[in-house]
Amino acid sequence: MKKSIIGKVSIICIVLCLSFSCERESEIVFSPAGVPVDLGLSVKWASCNVGANSPEGYGDYFAWGEVIPKNKFSYAGYLYRDNPKILPPHADAATVNWGGAWRMPTDAELTELREQCTWTWTSQNGVNGYKVTSKSNGNSIFLPAAGYRHDSSFDGAGWHGDYWSSSHNAGRPNCAWGVYFDSGSVDRDYYGYRYYGLSVRPVCP
């Protein structure tokens with residue numbers, strides 16, 4: 001009888017541990033689907049977005065400084081209120097979700113990507129976006145036009161893209177730098193409100 005009780009208690013403990021583990025894994029998963037692509041720049045760029053399983057996958061959306069995806073993005077629900085010049089590792093969605101040396105690109109690295117690559121609007125497997133080709137070695141990545149999220153709405157998917165950098169916009173404390181593009185232009189994004197849900201494309205050394 002005593003052995004039976006101990007056995008039942010052990011089974012309950014194992015089930016509880018597995019449940020907790022699964023719950024945590026649904027929030028943060030250390031399994032990057034992307035591979036580093038050498039574009040001849042100061043960093044290598046991932047082949048897909050955080051949360052995506054392919055280059056054309058939209059992936060997850062993150063508020064600036066938050067590391068867990070969510071479905072509603074509002075100022076009231078925004079959790080990260082610090083104002084670092086560059087996001088620290090614990091507040092970097094790429095570092096936390098992919099681990100290793102992966103991180104979000106800085107504003108300077110996004111500028112380098114814009115200026116030292118050729119951007120060609122195209123469709124890949126039925127998904128609109130930009131093929132970004134290195135001017136120095138010809139390698140390329142694809143950035144899907146994944147749109148952005150504000151409150152519970154999902155805007156612009158298929159015709160524009162919004163990607164975060166890890167750089168804070170000191171001149172506008174409620175904003176952070178990024179890149180915005182549509183079929184006709186690719187621009188530095190200086191107005192991105194930090195609580196908006198944008199895409200993240202990681203980089204590594």
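Mentor: With a strand pair. Strand S4 (residues 127-134) and S5 run antiparallel and are joined by five bridges. Keep in mind that this is a predicted model.

Trainee: Which residue stands opposite Ile-141 in S5?

Mentor: Val-132 does. S4 and S5 form a hairpin, with five residues between them. In the turn, Gly-138 has a positive phi of about 80°.

Trainee: How many of the five residues of strand S5 are buried?

Mentor: Four, so by the cut-off of under 20% relative accessible area for a buried residue, the strand, residues 140-144, is mostly covered.

Trainee: Now a loop residue. Is Val-200 buried or exposed?

Mentor: Val-200 counts as buried because its relative accessibility is 0%. Its place is the loop between strand S10 (185-189) and strand S11 (203-204).

Trainee: Which residues is Val-200 in contact with, leaving aside its neighbours within four places in sequence?

Mentor: Asn-49, Val-50, Phe-62, Ala-93, Ala-94, Met-104, Tyr-163 and Trp-164. Take Ala-93: 107 residues separate it from Val-200 in sequence, yet in space the C-alpha to C-alpha distance is 7.5 Å.

Trainee: On to rings. How do I classify an aromatic pair?

Mentor: Two values are needed: rings pair if their centres lie within 6.5 Å, and planes over 60 degrees apart make the pair edge-to-face. By this rule there are 14 aromatic pairs. In one, Trp-98 and Trp-102, the ring centres are 5.1 Å apart and the planes stand at 85°, so the pair is edge-to-face.

Trainee: Are Trp-98 and Trp-102 buried or exposed?

Mentor: Trp-98 is buried, at a relative accessible area of 7%, and Trp-102 counts as buried at 10%.

Trainee: What about the rings of Trp-121 and Tyr-130?

Mentor: Their centres are 5.1 Å apart and their planes are at 75°, so this pair is edge-to-face. Trp-121 is partly exposed, with a relative accessible area of 28%, whereas Tyr-130 is buried at 4%.

Trainee: Which residues form one aromatic cluster?

Mentor: Tyr-75, Tyr-148, Tyr-193, Tyr-195 and Tyr-196 do.

Trainee: Last, charges over rings. Which ring does the charged end of Arg-188 sit over?

Mentor: That of Trp-177, at 3.5 Å from the ring centre.

Notes. Residues are numbered from 1 along each chain as its sequence is written. This is a predicted model: local features need pLDDT of at least 70, side-chain atom pairs count only at pLDDT 80 or more; totals for chains, interfaces and linings use all residues. Side-chain values use heavy atoms; hydrogens and water are left out. Helices (H or I, at least four residues) and strands (E, at least two) are DSSP runs, numbered from the N terminus. Buried means under 20% relative accessible area, exposed over 50%, partly exposed in between (1.4 Å probe, protein chains only). Contact means heavy atoms within 4.5 Å. Rings of Phe, Tyr and Trp (its six-membered ring) pair if their centres lie within 6.5 Å; planes under 30 degrees apart count as stacked, over 60 as edge-to-face and the rest as tilted. A charge sits over a ring if NZ of Lys or CZ of Arg is within 6 Å of the ring centre and within 35 degrees of the ring normal. Two strands pair if DSSP finds at least two bridges between them.
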